[in-house]
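Subject: Structure handover

Hello,

Here is the structure for your files. My notes on what was found follow below it.

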Amino acid sequence: MTRRSINQSACLLVAVLALGLPLVMRSATYLHILILLYFYAYLTTSWNLVGGFAGVLPLGHAAFVGIGAYTSTILYLQYGVSPWLGMLVGGILATLVGILIGLPTFKMRGAYFALATIAFAEGIRVMIENIDRLGPFVINGPRGLQIPPLKLGLSNFMFAVKEPYYYIILIMLAAVLLLTYCISRSKLGYYLNAGGEEPEAAMALGVNVARAKLIAMAMSSFLTALAGTFYAQFTLYIHPKSVVSLDLSFEIAFIALIGGRGSIAGPVLGALLLRPVSDFSRIYFGDTVPGLHLIIFGVVLILVMLYQPRGLQEPLTRLYNRLVDRLAGTEGGEASA
Amino acid sequence: MNILEIRGLHKDFGGLRALNDLSLTIEPGQIFGLIGPNGAGKSTAFNCIAGVYAPSGGEIYFNGVRINGERPWNLCKRGLARTFQIVKPFATKSVLYNVMVGAFARTNSRSEAERKALEVLEYLHFEKHRNSRAGNLTIADRKRLEIARALATEPQLLLLDEVMAGLRPSEVDEMVGVIQQLRGRGITIFVIEHIMRAIMALSDHVVVLHFGQKIAEGAPHQVASDERVIKAYLGDEYVISAG
């Protein structure tokens, strides 16, 4: 059995598992937790295009989630536009905003870039919290927007059960992972990595670093905004604290840093590890120690940065490769399961 | 036509004039040396040519086209490549990955870039390191990687900034061989070097900088016996005993 076929069967196994899980797991709570897990894995993978490959640390991605969520929701509530279409409009809007932020800030290094993105996202949050109407659009300030679940169905992106949401976010996650994989093997991926690591050397080798980063930022903000619409349709209620908060931006970065930024598997591993911690600490300690999950995140982040600065994907990838080597090497056809 | 022509190049940093009225011409196929004591302005000159700094005055022509203030990545596309005095490998990536970044300057296809990069690595007898992490290489190999990456961009003119500094004598000889081989490939080479043995063996023509100014120019042996050059390197009293 070759390495390639082992890898393929591992992928197949994961796919079957992910597709079949809702059939076995009937608990709506667990399904909800899984959906949010995929949601965060998706967000972090989108973030990773800039925060991982381009080597900068954006800490304001919640702004794009908010733009996506608010755009599609306003369009649906006020004009009856299908959230699917609104999703696209939100994505395009977020792309423009992303480029607008990227143009002046990509010249900044390290912490300054991170601070600039925080400031920008917080600015948007404060604006939304304090504006009731923006021109013809009703924003409702801190009260947020509620989507009445009247017209259920695929065309309105609204369902009475959780399974459709599960499959939608699963497809979105698979698509963004595939995109990341393709980019990492393309010229753009090489240029982003090179520009992130040694910008001067990259420029001398023909890389227009700023341009590569802008392209990554545009894609990342577009994809992030799509998740915003998903979240709005999933919870049917959005408010500034839920979709534009700093907590959300930070949680994305936490997941990426702990899982391993710049790798394809990192964001998914990070979400797999951290989301259950966050959900279960909220279920069991939510009323006694609220915010416990953030403390746990902090401790885990410190430990990971100390002992595995490139994230948990590195030792896990090594482990996986060793496992595959053993299967491919010593045991021939036996490993077909 | 001259491949590189510099006329009256100036570069000021605040009140400090790092380069003062530098003029030189490089013909295709030459190995052209630039020497001078520390702080003479050699790297500043390279950075002006390679588009890192915009010159404060003067003209730079590459293949007859004025390239003042052109951005580094565009210069690379035009056929001007450089290495860095302080090596800058993409440390977490493999040697092959590093060289492929350079190769992408001429192609959009990954397989084409990989083929090109492997060809360059083979040419430099470096292919056995293709999967090593660039950050784990010895200093000699890192210098070689700098050259490999630059070479993968298919330059006509290659600026080498002290590629032999920090190498052992045997490694210097090897590097001299590599550079001569590059010339054989039709690449014009403009080299900054401190190791006199190497620059004397390599260059057809040498320019000496001192405090940002050209103080001598000519064939290596001519320059080496020039009084002003000895003075610049060793100080006044040695000129008297030499005379």
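B:Phe211 is exposed, with a relative accessible area of 64% (buried means under 20% relative accessible area, exposed over 50%, partly exposed in between, with a 1.4 Å probe and protein chains only). The place of B:Phe211 is the loop between strand E9 (205–210) and strand E10 (213–218) of chain B; helices (H or I, at least four residues) and strands (E, at least two) are DSSP runs, numbered from the N terminus. The phi of B:Phe211 is near 50°, a positive value in a residue other than glycine.

On conventions, this is a predicted model, in which local features need pLDDT of at least 70 and side-chain atom pairs count only at pLDDT 80 or more, while totals for chains, interfaces and linings use all residues. Residues are numbered from 1 along each chain as its sequence is written, chains are lettered from A and ligands numbered from 1 in the order in which they are written, and side-chain values use heavy atoms, with hydrogens and water left out.

A positive phi also occurs in chain A: A:Asn140 is not a glycine, yet its phi is about 75°. A:Asn140 sits in the loop between strand E2 (137–138) and strand E3 (145–146) of chain A, and at 23% relative accessibility A:Asn140 counts as partly exposed. As background, most residues other than glycine have a negative phi.

Chain B as a whole

Chain B has ten helices and ten strands. Its radius of gyration is 18 Å, close to the 18 Å that the globule rule gives for 243 residues, so chain B is as compact as a globular protein of that length (the radius is taken over C-alpha atoms, and the rule is 2.2 Å times the number of residues to the power 0.38). Along the principal axes, the C-alpha atoms of chain B fill a box of roughly 60 × 40 × 35 Å. Of the 243 residues in chain B, 54% are buried.

Among contacts (heavy atoms within 4.5 Å) in chain B between residues at least 6 apart in sequence, 66% join residues at least 24 apart. Chain B carries 29 positive and 26 negative side chains, and the centres of the two sets lie 7 Å apart. Lys and Arg count as positive and Asp and Glu as negative, without His and the chain ends; each charge is placed at NZ of Lys, CZ of Arg, CG of Asp or CD of Glu.

B:Ala148 lies in helix H5 (residues 139–152) and is buried, with a relative accessible area of 0%. Leaving aside residues up to four places away in sequence, B:Ala148 touches B:Val99, B:Val120, B:Leu121 and B:Leu124.

B:Lys116 belongs to helix H4 (residues 110–123). At 12% relative accessibility, B:Lys116 counts as buried. With the exclusion of residues up to four places away in sequence, B:Lys116 touches B:Ala103, B:Leu151, B:Ala152 and B:Glu154.

Cysteines

How many disulfides does the structure hold over all chains? There are zero, a disulfide being a pair of cysteine sulfur atoms within 2.5 Å. For A:Cys11, the closest cysteine sulfur is that of A:Cys182, 13 Å away and therefore too far for a bond. A:Cys11 counts as exposed at 56% relative accessibility, and A:Cys182 is partly exposed, with a relative accessible area of 44%.

Regards
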